[in-house]
Amino acid sequence: MPPHPLFFQGGNGSRLTDLDDNTYLDYVLGWGPVILGHGHPGLTEAVQNQLPHGATYGAGHVLEAEVAEMVIERIPGAERVLWSNTGSEATQVALRLARGATGRRRFIKFGGHYHGWSDAMLVGYRPGPTGDLARGSEGQPEAVLDDVTIVDWGDIEAVRRLLQGDEYAAVFCEPVLCNSGVLAPPENFLTELRRVCDATGTVLVFDEVITGFRMSRGGAAERYDVEPDLVVLAKAVAGGYPLAAVAGRAEFLELTTSGVVHAGTYNGNPVVLAAAKATLEALDEPSVYETFENHGRKLGEGFAQALTAHGVPGTINQVGPVVQCMIGVKEAATFTDFLAADQKFYDRLLVHMLRRGVFTLPGGRWYLSAAHSEHDVEQTVDVFEAALKATLADGATPATVS
Ligand SMILES: Cc1ncc(COP(=O)(O)O)c(C=O)c1O
């Protein structure tokens, strides 16, 4: 990360302190999971209370069921939950469940959507050196491409056409495309996806690794009122501890007791489940989600006003506590719009923000936590504007795309 990698000594609430004792308002939040802020007292206490009782049992325990019930109560359509460690693992088991249930091999995903780094899933995320949306990594076999078809986000006709052939086990999506522009789903798109999956016996998977417990208490499924068959959860679920889950319909999840293998030494260990219980309880405190909306809006509007005031073309997208800044594009509704944003200008802006004590992700995305105060948000908008001025004063001019 420019201008050089940062190393931190610790965090507290909305702030992180680096090894040189510089303190930053943190909008990286560990790339999303730290939804309560750093060192949240209730979460820390819950983990500390569990530690003397052991790290893992390799057998059932009460927290597994207790926290599964909390997830079932929150996530629309969830009847069963399985525990895993990371989003990348959980998306793999979701795919395996879909294949096990349907007897079909292929799946659909959308361009720019990220579902972890496994061979099967790391396709169509970013254009490769030749501009094609194919494999994401050296070392990934070409054969993975036989299993997946990449469709443009929002192209329901393409999905409908592909699903006619009874070939596809599942459709995977980030219901809000957070990894590529914070693009809300086009109107009625998720409902139409649900319909076409129902009509063709295809498993609909919402990858809510980012949106889960963040876009609302019940994630994007609740926000957009659509019940997928399977929901993949990670990041916010345990407030920064390594936990992931697949929640969904019993008929799919129960396949793990009759032939679909899901394994993992650390799955559902009591330490991370204690963290998840404390996190979900803390997110239930009054007005957490209302504050997410207000702070998200305030941050987004503040950035947009600063861009206008300084004549810098750009777009701000915001859904709940996730904000995306794209320089040089007038409107960003598609993955192509997102790719057109002027990343070089943003990188320079980011360095000026770091110098002024704001730590944020490369690429333009911002995460808010429950620990960010209104004052933090106001201060951040001021820093954004000052950083914008400094970037322009350096002589940088945003590349504009019409
Ligand atoms: C939408 C989405 N799915 C899956 C993953 C993979 O999760 P993990 O990094 O825990 O493997 C990520 C990670 O950023 C993600 O954003």
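This is a predicted model: local features need pLDDT of at least 70, side-chain atom pairs count only at pLDDT 80 or more; totals for chains, interfaces and linings use all residues.
Which residue forms a salt bridge with Arg223?

First, the layout. The chain splits into two domains. Domain 1 takes in 8–31 + 286–393, and domain 2 covers 41–283. Their centres, taken over C-alpha atoms, are 27 Å apart.

Now the interface. On the domain 1 side, 22 residues make contact, and they meet 25 residues of domain 2. Interface size is often quoted as the accessible area lost when the parts come together. Here, domain 1 and domain 2 bury about 1800 Å² between them. Carbon and sulfur atoms account for 65% of that. Three residues stand out on domain 1: Tyr289, Val319 and Phe335. Together they supply 39% of the area that domain 1 buries against domain 2.

The partner of Arg223 is Glu293. The closest N and O atoms of that pair sit 2.7 Å apart. How many salt bridges cross the interface of domain 1 and domain 2? The rule finds one. As for polar contacts, seven residue pairs link the two domains.

Which elements build the domain 1 side? Two helices contribute, α9 (288–309) and α10 (335–340). So do the strands β11 (314–319), β12 (322–327) and β14 (365–367). Each supplies at least two residues of the side that touches domain 2. By class, that side of domain 1 has 15 nonpolar residues, five polar and two charged.

Last, the ligand. The residues around the ligand include Thr86, Ser88, Tyr114, His115, Glu174 and Asn179. Asp207 uses its side chain, with a polar atom 2.7 Å from a ligand nitrogen. Lys235 also uses its side chain, where an N or O atom is 2.9 Å from a ligand oxygen.

How values were computed: Residues are numbered from 1 along each chain as its sequence is written. Side-chain values use heavy atoms; hydrogens and water are left out. Domain bounds come from an automatic or database domain assignment. Contact means heavy atoms within 4.5 Å. Buried area is the accessible area (1.4 Å probe) that two parts lose on being put together, summed over both. A salt bridge is a side-chain nitrogen of Lys or Arg within 4 Å of a carboxyl oxygen of Asp or Glu. A polar contact is a pair of N or O atoms within 3.5 Å; within protein, one must be able to donate a hydrogen and the other to accept it, and residues adjacent in sequence count only if both atoms are side-chain atoms. Helices (H or I, at least four residues) and strands (E, at least two) are DSSP runs, numbered from the N terminus. Ala, Val, Leu, Ile, Met, Phe, Trp, Tyr, Cys and Pro count as nonpolar, Asp, Glu, Lys and Arg as charged, and the others, Gly among them, as polar. A residue is near a molecule or strand if one of its heavy atoms lies within 4 Å of it.
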